[in-house]
Amino acid sequence: MKTKLQVKDLHLAYGTKKVLKGITMDIPENKIVALIGPSGCGKSTLLRAMNRMHDLSPEVHIMGEILLEGDNIYAPGRDAVDVRRKIGMVFQKPNPFPKSIFDNIAYGLKIAGQHDKQQLQEVVERTLKSSYLWEEVKDDLDKSALSLSGGQQQRMCIARAVAVEPEVLLMDEPCSALDPISTAKIENLMLELKKDYTIVIVTHNMQQAQRVADLTAFMYFGEVIEYAPTEELFGNPQVELTRNYLEGNFG
Amino acid sequence: MRKHSHLFIVFFFGLYLWSCTHQHGQVENLIIKGSDTEVNLALALAETYMMEDLSISISVSGGGSGAGIAALINGKTNIANASRPMKAEELLLAQERGVNPLSTVLGMDAIAIVVHPQCPIKELSKQNLGDIYRGKIHNWKQLGGPDQEISLYGRQSNSGTFVYFRDSILQAEYSPKVKQMNGTAQIVEAIKTDASGIGYVGVGYILEKNGNAAKGIKVLAIKSTDHTLAYSPALLENIQQGNYPIIRPLFQYTDGKPKGKLLQFLRYCLSEEGQALVQQNGYFPVSKMYQEQNELALNTTYAKSSLH
Amino acid sequence: MQSRRFIDRAIKQLFFLAATLSVLVLLGIFGMLLMNGIKAFEHISLTEFFFSSNWNPAAYGKPSYGIVAMLFSTFLVTFGAMCIAVPLGIGAAAYLAQVAQAKTRLVLKPIIELLAAIPSVVVGFIGIVMVGPFIAKVFGLSNGLTALNGSILLAVMSLPTIITVAEDAIRSVPNSFKEGSYALGANQWTTLTKVILPASYSGIIAAIILGMGRAIGETMTVLMATGNALAMPHGFFDPVRTMTATIAIELGEVPYGTTHYYSLFAVGALLFLISLGINLIAENIAAKYRYKA
Ligand SMILES: Nc1ncnc2c1ncn2[C@@H]1O[C@H](COP(=O)(O)OP(=O)(O)O)[C@@H](O)[C@H]1O
Ligand SMILES: [Mg+2]
């Protein structure tokens, strides 16, 4: 099993507030890894560290390494833009740009220099199909993406992230704002995407983690307490803390 | 700016006097408004006069001759300072409103024609000067200078100088290319940086205490006709002997024959002391002809000025 | 409880009153301009007013009342000012809202706001003694009292308005847009130009319009710095006399009730209508592009 992403003794602080305290974990290629844990334990923070989203906040201090196929994404001279092109992200709240559906999906390609209309059309169609949105929106590609429903918006955001063909896809509670039907669609979509991508997903939904994830990590107060194949973690947790959490004793 | 600070001083001074004398009796307020050319002189006269007569308070403001005359017609000022005579339509309007403008002459103002020091021209005839401002002569080449468009500077239409210059030198419309500057200071500033510029300004404004022209500009000598000599206004005697051709009276208009304090103030302006102030401010004492007019208007004789 | 409700109601009424009052004042001003302005046309033909470029009410001979030259001058100066101020202003706003560190911003913001506090006479004076001569030197003109001079000065004067309003607009774009763009591999510049600025379109238009209003209405600066020649300008290197300058120069001297007096009100009414028109267009554009989250 090839390791795609390797987190090595990662420490992170917002100003003086330490939020990640030495995270180490390997994320294998073409697998789905779920991050679970109580609110505020640092799941989103870790996820955002994986594509250098924290670069935008000057108060964030990071120590440690994250290797993408062996290369440290925080190495001096490494271009954050290039890292993000390889490691895409889908956010908790759908965030379509106030543009047309077509322009939303073509955005990533256009800024990468792809202006061939024909090709853009192809990609838009393919990604919308792969996110099961095509049938719903194929006649409305010129309409504002803001006119879509929440579930549709989130699937469009996934299509948008997929359109630039990243290697890793990070998803931060992508279904938390969605109804069960939309959620089911997105879970199917993830399983589909797994063939081509490596996926890390933050979720609060234990069933969801069990349904989609190959591996699950339980985080607590900025540390990974237990990281194991999903079935093992849920079926037979090795650490007391994990068991307590899964039994619903806190969080 | 200077003008306004003066205004304030006069205002507060007046207020102060008012509060001092209030117990003793009525203080009379006089308002003077009009020509920007005359405003500093009027202020000086008002300030010194208020020292002598504590029962009077005088406020002075500028705004241009037109503004002063309009204020007189609208009954908003006691004295309208004007560096030009009233126009026919202004007189007509005054009559309609029941105002009878009466003029006295406060002093004489000579107007200097100024150019950039690099300009090779030294003298102009009144005829050429008119042609320049009418737009007929538009290149210095036409006057034997360098091949350069003449850049014209003048005052705005609310200025008495604007009207006087047009009516007595141009006797026609100004060229539409004349840049209408917002005051004499701006004309001088503009000429200093414009090698092809020409402008008209009060002599008092550009003569320094020692009689030389201000730095950075050149004053032209003017001849009445092509066949007479050219005289520079920078020499006092040229003006005093009546040789410099661009000179005009500075008027003070009142509504009807002045009485009481107003009359006393006007008399003071024409007294030896008043006329000395006129000269200190860069103007020239009232000429013989106007002295007689003044006497008629004010029913007074006053000390013969130093004109003779 | 009771008194709280009463205060609430009273305050509401007060605001309503204030709003009504300001509308009434506006209508009153316009009505006054219009009533006086219309009287000008008892003696001036509409054709002359709107199609002649000759404005010379204080003429030696027959007075003329054509506004074309000053109308064009006003547009010329304002257009030039916007050409300078819009890119600069939006650039500065984007910088302040997106790029600048908190510390830098803390220094720059008050300086920009201070710019708005410089009296227009001072700006005009700077135009005469510094900017004008500089223009003359750079472009080889005999003097710098030109439309360009006015445009530059007005640009400076409208910058604080444009920057402040545009910065607010840019700042109010949800952070999620920015993150979404970065996550797709966009750099800062692309994110700014392709996502953030388009998303704050309506606010930026408002900023431009407000700046334009400042420029069109400004009097003293243009009065001092643009030369005020009556001739029709042929471009940015000619002196111009704008509508505001004309009103300011001439209103002081005209006796009440003359044709000249009324004609200045007609010019004022037109200026008012132009400002109103620009504002309406701006409202329209803004409404069309308003971001609905
Ligand atoms: N921008 C920030 N500045 C300061 N503290 C933050 C910031 N973002 C998150 N935190 C804090 O970091 C901790 C972890 O947050 P987060 O990673 O969002 O947790 P989770 O996603 O697991 O709920 C929390 O205590 C949160 O308050
Ligand atoms: Mg979170």
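A salt bridge is taken here as a side-chain nitrogen of Lys or Arg within 4 Å of a carboxyl oxygen of Asp or Glu, and by this rule 1 salt bridge is found across the interface of chain A and chain C. The structure is a predicted model, in which local features need pLDDT of at least 70 and side-chain atom pairs count only at pLDDT 80 or more, whereas totals for chains, interfaces and linings use all residues. Residues are numbered from 1 along each chain as its sequence is written, chains are lettered from A and ligands numbered from 1 in the order in which they are written, and side-chain values use heavy atoms, with hydrogens and water left out.

The salt bridge between chain A and chain C joins the side chains of A:Arg48 and C:Glu179, with an N to O distance of 2.6 Å. Helices (H or I, at least four residues) and strands (E, at least two) are DSSP runs numbered from the N terminus, and on the side of chain A that touches chain C at least two residues each are supplied by α2 (80-86), β6 (87-90), α3 (101-111) and α6 (150-163) of chain A. This side has 14 nonpolar, 4 polar and 5 charged residues, where Ala, Val, Leu, Ile, Met, Phe, Trp, Tyr, Cys and Pro count as nonpolar, Asp, Glu, Lys and Arg as charged, and the others, Gly among them, as polar. With contact meaning heavy atoms within 4.5 Å, 23 residues of chain A are in contact with 19 residues of chain C. The two chains bury about 1700 Å² between them, 68% of it on carbon and sulfur atoms, buried area being the accessible area (1.4 Å probe) that two parts lose on being put together, summed over both.

Between chain B and chain C, the contact takes 32 residues from chain B and 30 residues from chain C. The area buried there is about 2400 Å², of which carbon and sulfur atoms give 54%. The count of salt bridges between these chains is 0, while 14 residue pairs are in polar contact. On the side of chain B that touches chain C, two or more residues come from each of α3 (65-73), β6 (151-155), α6 (160-170), β7 (179-181) and α7 (184-193) of chain B, and the largest share, 4 residues, comes from α7(B).

Within chain A, 4 strands form an open sheet in the order β2-β1-β4-β5 with antiparallel pairing, two strands being paired if DSSP finds at least two bridges between them. Its edge strands, β2 (17-28) and β5 (71-72) of chain A, each pair on one side only. Strand β1 (residues 3-14) and strand β4 (residues 60-68) of chain A pair over 8 bridges, and A:Val7 has A:Ile66 in β4(A) as its bridge partner.

Most residues other than glycine have a negative phi. A:Phe221, however, has a positive phi near 45 degrees, and this residue lies in the loop between β9 (215-220) and β10 (223-229) of chain A. B:Gln171 likewise has a positive phi, of about 50 degrees, and is placed in the loop between α6 and β7 of chain B.

Technical notes: Polar contact = N/O pair within 3.5 Å; in protein donor to acceptor, adjacent residues only side chain to side chain.
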